[in-house]
Amino acid sequence: MPFDPPLQLDSERLVLTPICATDAQALFAIQSDRAVMRYWNHPAWTDLKQAYVQILDDLAAIDAGTQLKLAIRERADGPLLGIVVVFAIDETSRRAEIGYHLAPSAQGKGYMHEALSRFVAYLFDVLRLRRLEAEIDPRNVPSAKVLERLGFLREGLLRERWRVAGELSDSAVYGLLAREWQGPGSAASG
């Protein structure tokens, strides 16, 4: 699926732009934080090189049209606050999965709701996806609240889905259909 560069999504307080190499330090700070990564499907990073490798993979995926990871910032040239990503894109079914996280200093300000609202609008209204899915650890109550506030419905539970750092965890599966989307400017909200 092609992503038209230069891509920049603006919301009231935030700017979403493709992640770049200069984000490596900030991305490492976020993904090496054990509290942030507590409910992810891989452990916290331990080496800055992991951030550079991940960003190179992300940029290649954007070029290939298989994934789009956007940095969340307060302004286009501002520091990285977190990310939103769409991946596992199935063009035939017009469905994909999303993921997201924020730096601890950016949490509790409504940034993730705002960023995901803008991102979901782009995915439905511009990329014309029909269905979005998110898979989260059911113990991650704040993440569930963000999804539910956007209109995602919990559709199922995958028991003992992941083993991370020796711990087994379940996954709650959430879904949102384009026809159910009630975001600003959405076809369903009109």
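The model is predicted, so local features need pLDDT of at least 70 and side-chain atom pairs count only at pLDDT 80 or more, whereas totals for chains, interfaces and linings use all residues. Residues are numbered from 1 along each chain as its sequence is written, and side-chain values use heavy atoms, with hydrogens and water left out.

Helices (H or I, at least four residues) and strands (E, at least two) are DSSP runs numbered from the N terminus, and two strands pair if DSSP finds at least two bridges between them. Eight strands make up an open sheet with mixed pairing, in the order E1-E2-E3-E4-E5-E6-E8-E7. At its edges stand strand E1 (9–10) and strand E7 (153–164), each with a single partner strand, so one side of each has no neighbour in the sheet. E7 and E8 run antiparallel and are joined by eight bridges; arginine 154 stands opposite tyrosine 174 in E8.

Rings of Phe, Tyr and Trp (its six-membered ring) pair if their centres lie within 6.5 Å, and planes under 30 degrees apart count as stacked, over 60 as edge-to-face and the rest as tilted. By this rule the count is one aromatic pair: phenylalanine 124 and tryptophan 181 are tilted, at 6.2 Å centre to centre with 55° between the planes. Phenylalanine 124 lies in helix H3 (residues 111–125) and tryptophan 181 in the segment after strand E8 (167–177), so the pair ties together parts 57 residues apart in sequence. Buried means under 20% relative accessible area, exposed over 50% and partly exposed in between (1.4 Å probe, protein chains only); phenylalanine 124 is buried at 4%, and tryptophan 181 is buried at 2%.

Helix H1 (residues 24–31) lies across strand E4 (82–90) and strand E5 (95–102), running at about 85° to E5. Here axes are lines fitted to C-alpha atoms, for helices over the stretch in contact, and angles run from 0 to 180 degrees between N-to-C directions, where contact means heavy atoms within 4.5 Å.
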